[in-house]
Amino acid sequence: MTIEKFNIEEHPHRRFNPLNGEWILVSPHRSKRPWQGQVEKVVEEKRPEYDEKCYLCPGNERIGGHVNPKYNEPYSFVNDFSALLNDTPEGAVSEDDLFVSDSVRGICKVICFSPRHDLTVPEMEVDEIKKVVDLWQKEYRELGQNEDINFVQIFENKGSIMGCSNPHPHGQIWASSMVPNEPQKESVCQKEYYQKHGRTLLSNYLEKELEKQERILIENDHFVALIPYWAVWPFETMIVSRRSLSSLDQFSEEEKMGLADIYKKLTIMYDNLFEVSFAYSAGIHQAPTDGEEHPEWHFHMHFYPPLLRSATVKKFMVGYEMLASPQRDITAEGAAKRLRSLSAIHYKKSK
Ligand SMILES: [Zn+2]
Ligand SMILES: [Zn+2]
């Protein structure tokens, strides 16, 4: 019997995510197996600049009778179908340890990124995206100042396969009295790390990633885009600030411009991967707005895209992943290599 040496590029292993304290299973030996599953249709429809039936376009009426102003910069409004309400009575129901509930207050908003119905972030100009970041900062501050709001979740669902019902470029903000599950896990891990090391977890992580250069995708003066070592989704990425900023509240003008720049470059990379408008759920993780200082929190943005090996093959989180642990075949390093090899010019412009 030959004793083979463990090779992370070939052998099944699990990787630890220090941000949330969970493990993921990596099976690199499987990435060559044939695919016989579902094939998604690619519909690259050409959209008009203005759509009279779109409830997000400027000047249009929304369900419920509200009319959008003729906005020409990013525009936000309270969601007509909010999942959270700001006047929920306070209360908790805890009969015993087994039936526990707690009332939640909050505000849900929609942000139209552009008045143009036909654009997406990678096709917008950097200074237009900067205005989206300006509005995120304003919303984070204003919502966060509300006594009832302890966490502001900013996110974007792009593409119908992510369940996004309207192609008009937009995102959402759900601000709540509770700190939700994912940021709560990261809060605990980051705090523990900060107390032990006196620096943020992501400062130290980023420093090591920049030395290794195995998973780095894009760098500018203020941000780095990379595939995290513990990525679950095939082309999952993260944008991390170089400075340990705990939230958008601390961003300078240059840093807002830097975020806009890297957001555009990363999404161009994504679109170029399969030459399709790339679907994802993305969102910002930053300090809770509970009135406390959070030096342990390090600003970052996650991108979770479902596409696996072409514009038509997506990854499903089913079976073992639902019941046991998330799993991936292609390694984070392999995915990074693939993304780095792509042109920096959007495929629509290079044709
Ligand atoms: Zn529209
Ligand atoms: Zn996070």
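## A pair in the sheet

Cys-112 stands opposite His-170, a residue of strand β8. This pair belongs to a predicted model. The two strands concerned are β6, which covers residues 106–112, and β8, which covers residues 170–176. They run antiparallel and are joined by 7 bridges.

## The open sheet

Strands β6 and β8 are part of an open sheet of 9 strands. Its order is β3-β6-β8-β7-β12-β13-β11-β10-β9, with antiparallel pairing. At the edges are β3 (75–78) and β9 (216–219), each of which pairs on one side only. From one strand to the next, the twist averages 20°.

Helix α1 packs on this sheet. The strands that α1 touches are β3, β6, β7 (151–158) and β8. The direction of α1 makes about 145° with that of β7.

## Two helices in contact

Helix α1 spans residues 126–145 and also packs against helix α4, which spans residues 253–274. Their axes lie 8 Å apart, at an angle of about 120°. The crossing in which α1 passes α4 is right-handed.

On the α1 side, the residues that meet α4 are Val-126, Ile-129, Lys-130, Val-133, Asp-134 and Gln-137. On the α4 side, the residues are Lys-256, Met-257, Leu-259, Ala-260, Asp-261, Tyr-263 and Lys-264.

## A hairpin

Strand β1 (residues 13–17) and strand β2 (residues 22–26) run antiparallel, joined by 5 bridges. Within this pairing, Arg-15 stands opposite Ile-24 in β2. The two strands form a hairpin with 4 residues between them. Gly-21 lies in the turn and has a positive phi of about 75°.

## Two loop residues with positive phi

Gln-213 is not a glycine, yet has a positive phi of about 55°. This residue lies in the loop between α3 (201–212) and β9. Around Gln-213 there are 11 other C-beta atoms within 10 Å. The limit for an exposed residue is 12 or fewer, so Gln-213 is exposed.

Glu-275 is likewise not a glycine and has a positive phi, of about 50°. The loop that holds Glu-275 runs between α4 and β12 (280–285). Glu-275 has 17 C-beta neighbours inside 10 Å and therefore counts as partly exposed.

## The chain as a whole

The protein chain has 6 helices and 16 strands. Its C-alpha trace spans about 75 × 55 × 40 Å along the principal axes. A compact globule of 351 residues would have a radius of gyration near 20 Å, so the 21 Å of this chain agrees with that expectation.

Of the 351 residues, 37% are buried. Among contacts with a separation of 6 or more, 69% are between residues 24 or more positions apart.

Definitions and conventions:
Residues are numbered from 1 along each chain as its sequence is written. Chains are lettered from A and ligands numbered from 1 in the order in which they are written. This is a predicted model: local features need pLDDT of at least 70, side-chain atom pairs count only at pLDDT 80 or more; totals for chains, interfaces and linings use all residues. The radius of gyration is taken over C-alpha atoms; the globule rule is 2.2 Å times the number of residues to the power 0.38. A residue is buried if 20 or more other C-beta atoms lie within 10 Å of its own, exposed if 12 or fewer, and partly exposed in between; C-beta atoms are placed from the backbone. Two residues are in contact if their C-beta atoms, placed from the backbone, lie within 7 Å. Two strands pair if DSSP finds at least two bridges between them. Axes are lines fitted to C-alpha atoms, for helices over the stretch in contact, and angles run from 0 to 180 degrees between N-to-C directions. A crossing is left-handed if the near helix is turned anticlockwise from the far one by less than a right angle, and right-handed if clockwise.
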